[in-house]
Amino acid sequence: MEWSKHYEWVLNMVHVGVHVVDKNGMTVFYNQTMADIDGMEREKVIGKTIFHLYPSLTGETSTLNSALKEASKQ
């Protein structure tokens, strides 16, 4: 998925955390509000999987992973 500067601008303007992953769970976008919530640096999150970023998660405990699995069935 390719992100345009327009999408980034809009998603950085909202005051909610936005963490976008691709179909493999790899982070493709992470706004500053989400970085503030998680206490992570945006630059260090992009390109990392949800399991790398949140090591306490497993395939069974991650709701995001469950959603990705369901989407891949369709």
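The legends below describe several close-up views of one predicted structure. The model is predicted, and local features are taken only where pLDDT is at least 70, side-chain atom pairs count only at pLDDT 80 or more, and totals for chains, interfaces and linings use all residues. Residues are numbered from 1 along each chain as its sequence is written, and side-chain values use heavy atoms, with hydrogens and water left out.

**View 1. T27 in strand β2 and the residues around it.**
T27 is found in strand β2, which covers residues 27-30; helices (H or I, at least four residues) and strands (E, at least two) are DSSP runs, numbered from the N terminus. T27 counts as buried because its relative accessibility is 2%, where buried means under 20% relative accessible area, exposed means over 50%, and partly exposed lies in between, with a 1.4 Å probe and protein chains only. The side chain of T27 is joined to that of H19 by a polar contact of 2.8 Å. Such a contact is a pair of N or O atoms within 3.5 Å; within protein, one must be able to donate a hydrogen and the other to accept it, and residues adjacent in sequence count only if both atoms are side-chain atoms. When residues up to four places away in sequence are not counted, T27 touches H19, V20, V21, V45, I46, G47, K48 and L53, contact meaning heavy atoms within 4.5 Å.

Five residues, Y30, M34, A35, V45 and L53, make up the largest nonpolar core, a term for a set of buried Ala, Val, Leu, Ile, Met, Phe, Trp, Tyr and Cys residues joined through side-chain atoms within 4.5 Å. Leaving out residues up to four places away in sequence, V45 touches H19, T27, Y30, M40 and L53. A35 has its place in helix α2, residues 32-38, and counts as buried because its relative accessibility is 2%. With residues up to four places away in sequence again not counted, A35 touches Y30, M40 and R42. From C-alpha to C-alpha, A35 and V18 are 8.9 Å apart in space, while 17 residues separate them in sequence.

**View 2. N31 in the loop between β2 and α2.**
N31 lies in the loop between β2 and α2, and this residue is buried, because its relative accessible area is 0%. A polar atom of the N31 side chain lies 2.9 Å from the backbone oxygen of L11, and the side chain of N31 also reaches the backbone nitrogen of V18, at 3.0 Å. Apart from its neighbours within four places in sequence, N31 is in contact with L11, N12, V14, V16, G17, V18 and R42.

**View 3. The two salt bridges.**
The structure holds two salt bridges, each defined as a side-chain nitrogen of Lys or Arg within 4 Å of a carboxyl oxygen of Asp or Glu. Side chains of opposite charge can pair when their charged atoms come close. Because E70 and K73 are three residues apart in helix α5 (residues 63-73), about one helical turn separates them. E70 counts as partly exposed at 44% relative accessibility, and K73 is exposed, with a relative accessible area of 63%.

**View 4. A nonpolar surface patch that includes W9.**
W9, V10 and M13 form a nonpolar patch on the surface, with about 340 Å² of accessible area together. Patches are made of residues with over 30% relative accessible area and no salt bridge, like charges being joined within 9 Å and nonpolar side chains (Val, Leu, Ile, Met, Phe, Trp, Tyr) within 5 Å, and accessible areas come from the Shrake-Rupley method with a 1.4 Å probe, only the protein chains shown counting as cover for residues. W9 lies in helix α1, residues 5-13, and counts as exposed at 57% relative accessibility.

K23 lies in the loop between β1 (19-21) and β2, and is exposed, with a relative accessible area of 72%. The C-alpha atoms of K23 and N65 are separated by 9.3 Å, although these residues are 42 residues apart along the chain. I37 lies in helix α2 and counts as exposed at 57% relative accessibility. I37 and S62 are 25 residues apart in sequence and, C-alpha to C-alpha, 18 Å apart in space.
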